[in-house]
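Hi,

Here is the structure I promised to send over.

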Amino acid sequence: MVDTVRFRWAGVIAALLAIAVPAARAAGAPPVAGRAGAVHDPVAEAVGLFVQSCVHFATRPQALQHWAKHQRLMKVAPQYSETFLYGLPGLVYDASTRAGKLVLVSQDNGSCSVVVENTKGAALLKQLDAQLKAAGVAYTVTADGPDPQEKALHNRAYDASLGKRHWLMLISTVNNPAGGEAILTTNP
């Protein structure tokens, strides 16, 4: 089972994003939304980023970081990225769009997360399942319900594979129909 300890910080995500993303913008990060074909739907953008990055490059952190560089995602300043990395080696990128703030976290151990400032959990889960199927990812939902220690969160855990690669996923959303923060993670 995926370690859920690192997902119990939903209450501080908005504050972290408020600090980290403007710092990256001040450093000159180009907005992802400015690229051709931008969707401007927070659910679609969050799921799209997660599938294109964390799922596509699951278990391959160097390939993910190479992809992020070629997407011209701006690295978040080290003083802010440490908050997302929990002292582990890796890189944090600002992937914000006009639809909202997104952060891509790539740990050198192969763990990858997309942190979303505001999205509707049920819609996000529905779209994620559809995109996983469309991408040919085989998966089994292994847990789906409230976080046992943080009742404000809903966790859905997956066992996933594509070809010979296998990984775990945990999607943690705020348990509120109006929406809120979300963290989408793959782990080797």
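Let's start with threonine 119, which counts as buried because its relative accessibility is 5% (buried means under 20% relative accessible area, exposed over 50%, partly exposed in between, using a 1.4 Å probe and protein chains only). Threonine 119 sits in strand β4, residues 112-119; helices (H or I, at least four residues) and strands (E, at least two) are DSSP runs, numbered from the N terminus. Leaving aside neighbours within four places in sequence, threonine 119 is in contact with Pro42, Val43, Leu124, Gly179, Gly180 and Ala182, where contact means heavy atoms within 4.5 Å.

Before you read on, a word on the source: this is a predicted model, where local features need pLDDT of at least 70 and side-chain atom pairs count only at pLDDT 80 or more, while totals for chains, interfaces and linings use all residues. Residues are numbered from 1 along each chain as its sequence is written, and side-chain values use heavy atoms, with hydrogens and water left out.

On to the aromatics. Rings of Phe, Tyr and Trp (its six-membered ring) pair if their centres lie within 6.5 Å; planes under 30 degrees apart count as stacked, over 60 as edge-to-face and the rest as tilted. By this rule there are two aromatic pairs. Phenylalanine 57 and tryptophan 67 have ring centres 6.0 Å apart and planes at 45°, so this pair is tilted. Phenylalanine 57 lies in the loop between α2 (42-55) and α3 (61-70), and tryptophan 67 in helix α3, ten residues apart. Phenylalanine 57 is buried at 12% relative accessibility, and tryptophan 67 is buried at 14%.

The other pair is tyrosine 139 with tyrosine 158, which is edge-to-face: 5.4 Å centre to centre and 65° between the planes. Tyrosine 139 is in strand β5 (residues 138-146) and tyrosine 158 in strand β6, 19 residues apart. Tyrosine 158 is buried, with a relative accessible area of 1%.

Cheers
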